[in-house]
Every structure is written in C-alpha cells, then in structure tokens.
Amino acid sequence: MRLLPRLVPVDAGELLTARQIFAAPSYAPRMQHFICVPCALPAAAEGSCARCGDVLLDARRDDVRELLADIDSRHRRAREQRLLWLSIVLAFVIAAGLWSIPGFWAARRYYFALPLLLDQLLMIGLVSFAMMKLTAKLFPARPRFAGVTGSE
Ligand SMILES: [Zn+2]
C-alpha cells in the first residue's frame, strides 16, 4: 500500500498562482464584455445598467479599458494621499505622547538631541513613513475594474 503520494514532475508554467485563480472567478464569465462605470458591474449585453440605468461601455475597446484603469489609478492616488495625511497625524500623536513622558526631554538632551529639533522631525518622518507602509499593507487598495483592466 502506498502511503505517500507519488511525486509527479509538474510543468511550472502550467501552475496558477492563488492570485490568478481569484482574479478570474467562475461567477464572472469572460463573456461579460460590458461594464457600468458608476457601479463597476459587468454585463453581458450592450445597453444600460440594470442597477443604475447608466450607459454600459464595451470593455473590449482599448480606450474604455484605458479610461477604467485611469479611474482606478486616480482612486488609488487619492487613497494614498489620505493614508499619507492620516499617517502624519498619527506620527504627531505618537510624538506628542512621547513628549509628555516625564524625563523625555532630559533624556533627549543627553542621548540624541540634534539642533533645531531635527531629531524629533526625523522621528516623526520615519514614524509616518512606517505608518503609511503599514496601513497600505493592512488595507490594500482594491481596484474596482481589476477584472476588466487586468490590473491588481
Ligand atoms: Zn450602474
């Protein structure tokens, strides 16, 4: 009796990554070439959106896909901008918390003071950078038209 599965050589080019499998869900057949921009809903036939009544665009056209990718990238940039401001505010809150710790300023003078509070500015900059990276990791952007434009 064979207890261990036989090792079969697999052509690595044929393997799908989990990302590819999730990017092509079975409930969104490739026949749905039309898309509603406000709802990001795919549709099989030309006409108007079943939900909002807006005109459907043909996603087979290059200019339509370009438009959708453009909308996605604009949303992504706006989102990054919001995350950046949020990170800066959070970094200031953390810095203010440190400053209120008794003995912090004395320790700072002794260990790592730079002129013009540069050390504190550097700290805030580094913390906000780390926060931005962390929030981007924790809450990844989901492009609305990823299925159509092929972008992630
Ligand atoms: Zn719609």
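**View 1. Leu-117 in the loop between α3 and α4.** In this predicted model, Leu-117 lies in the loop that links α3 and α4. Its phi is positive, about 60 degrees, although Leu-117 is not a glycine. Leu-117 counts as exposed because 12 other C-beta atoms lie within 10 Å, and the cut-off for exposed is 12 or fewer.

**View 2. Leu-116 in the loop between α3 (104–111) and α4 (118–138)**. Leu-116 also sits in this loop. Buried or exposed? Leu-116 is exposed, as it has 7 C-beta neighbours inside 10 Å.

**View 3. Asp-70 in helix α2 and its distance to Thr-149**. Helix α2 spans residues 62–99 and contains Asp-70. Along the chain, Asp-70 and Thr-149 are 79 residues apart. Their C-alpha atoms are separated by 9.8 Å.

**View 4. The open sheet of 3 strands**. The strand order is β2-β1-β3, and the pairing is antiparallel. Strands β2 (41–43) and β3 (57–58) form the edges. Each of these edge strands pairs on one side only. Strands of a sheet pair through backbone hydrogen bonds.

**View 5. Pairing of β1 with β3**. Strand β1 covers residues 34–36. It is joined to β3 by 2 bridges, and the two strands run antiparallel. Which residue stands opposite Leu-57 in β3? Ile-35 takes that place.

Terms used. Residues are numbered from 1 along each chain as its sequence is written. This is a predicted model: local features need pLDDT of at least 70, side-chain atom pairs count only at pLDDT 80 or more; totals for chains, interfaces and linings use all residues. Helices (H or I, at least four residues) and strands (E, at least two) are DSSP runs, numbered from the N terminus. A residue is buried if 20 or more other C-beta atoms lie within 10 Å of its own, exposed if 12 or fewer, and partly exposed in between; C-beta atoms are placed from the backbone. Two strands pair if DSSP finds at least two bridges between them.
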